[in-house]
Amino acid sequence: MKRRNFIALVGTSIAAAPVWANVYNIQNPIQKAIESTFPELPYAYNALEPTIDAKTMEIHYSKHHKAYHTNFLAALKDSPAAELDLKSLFAEISKYSPAIRNNGGGYYNHSLFWENMSPAKTNPSVVLKGVIEKSFGSVDKFKEEFANAAKKQFGSGWAWLIAGKDGQVFVSSTSNQDNPLMDVVEKKGTPLLCLDVWEHAYYLKYQNRRAEYVDNFWNVVNWDTVNKRYENR
Ligand code: MN
């Protein structure tokens with residue numbers, strides 16, 4: 001079974017593919033884009049085992065991500081932010097409430113995260129590989145730098161591979177649910193790959209061993225998604 005039935009979990013109709021795509025249509029006013037749907041997980045809860053266990057995926061997706069979605073919509077109610085697209089909102093997120101910043105980031109970051117993982121074996125495209133080699137020296141060096149960012153992020157947050165305006169790529173980490181599209185972060189750009197290092201993302205299986213979770217992440221990276229994000233940046 002490739003996809004699960006999420007009706008019972010999220011209380012909405014199953015999202016067809018175009019609806020999931022809407023999450024990334026950051027031209028849409030946010031509220032219209034997300035109010036009636038919750039993105040479908042692109043694989044079954046157990047699809048990423050043994051790297052990420054089914055129970056963690058189930059709780060992470062159906063409870064944590066769902067809560068960000070619900071709370072983001074609540075925070076958008078009666079806010080002028082509801083009329084913006086996500087990219088414009090994040091670009092001036094410092095003007096808005098912590099509830100919009102934290103839940104908007106949580107909603108968006110997890111949507112990116114699910115899609116940049118896959119049980120299938122994939123590889124960086126020739127183009128992206130070249131860019132990574134130019135920026136980091138080698139793919140292995142990139143992985144080392146990304147993993148270090150993930151391991152060293154103090155407390156909850158995310159590690160990122162980001163494309164800058166010049167097409168170069170770099171690594172960063174952000175706290176809580178901040179992301180590289182937000183005006184509040186130091187390193188800004190287009191997110192290509194992200195890794196959730198909140199304890200809720202790994203604690204059931206890895207307990208305090210974040211480093212092991214980070215090192216295993218490479219087994220489930222969906223490079224096809226990362227390649228497309230680089231092409232479409
Ligand atoms: Mn999370």
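Predicted model: local features only at pLDDT ≥ 70, side-chain atom pairs only at ≥ 80, totals over all residues.
## Overall fold

The protein has eleven helices and three strands. Along the sequence, the order is α-α-α-α-α-α-α-α-β-β-β-α-α-α.

The protein has 233 residues, and 37% of them are buried.

## The nonpolar core

In soluble globular proteins, nonpolar side chains tend to be buried together. Here, the largest nonpolar core holds 54 residues. Ala 159, Trp 160, Leu 161, Leu 192 and Leu 195 have the most contacts inside this core. Both domain 1 (7-115) and domain 2 (126-231) supply at least three residues to the core.

Look at Trp 160. Which residues does Trp 160 contact, leaving aside its neighbours within four places in sequence? Val 171, Ser 172, Ser 173 and Thr 174 are among them. Pro 180, Pro 191, Leu 193 and Cys 194 complete the list.

## Helix H11

Helix H11 spans residues 223-231. Its buried residues are Val 226, Arg 229 and Tyr 230. Why are these three on the same side of H11? They cover an arc of only 100° around the axis, so they share one side of the helix.

What do the buried residues of H11 pack against? Their partners are helix H7 (126-136), strand E1 (157-163) and strand E3 (190-196).

Terms used:
Residues numbered from 1 in each chain as written. Core = buried A, V, L, I, M, F, W, Y, C linked by C-beta atoms within 7 Å. Buried ≥ 20, exposed ≤ 12 C-beta atoms within 10 Å, placed from the backbone. Domains from an automatic or database assignment. Contact = placed C-beta atoms within 7 Å. Helix = DSSP H or I, 4+ residues; strand = E, 2+ residues; numbered from the N terminus. Arc of directions from axis to C-beta.
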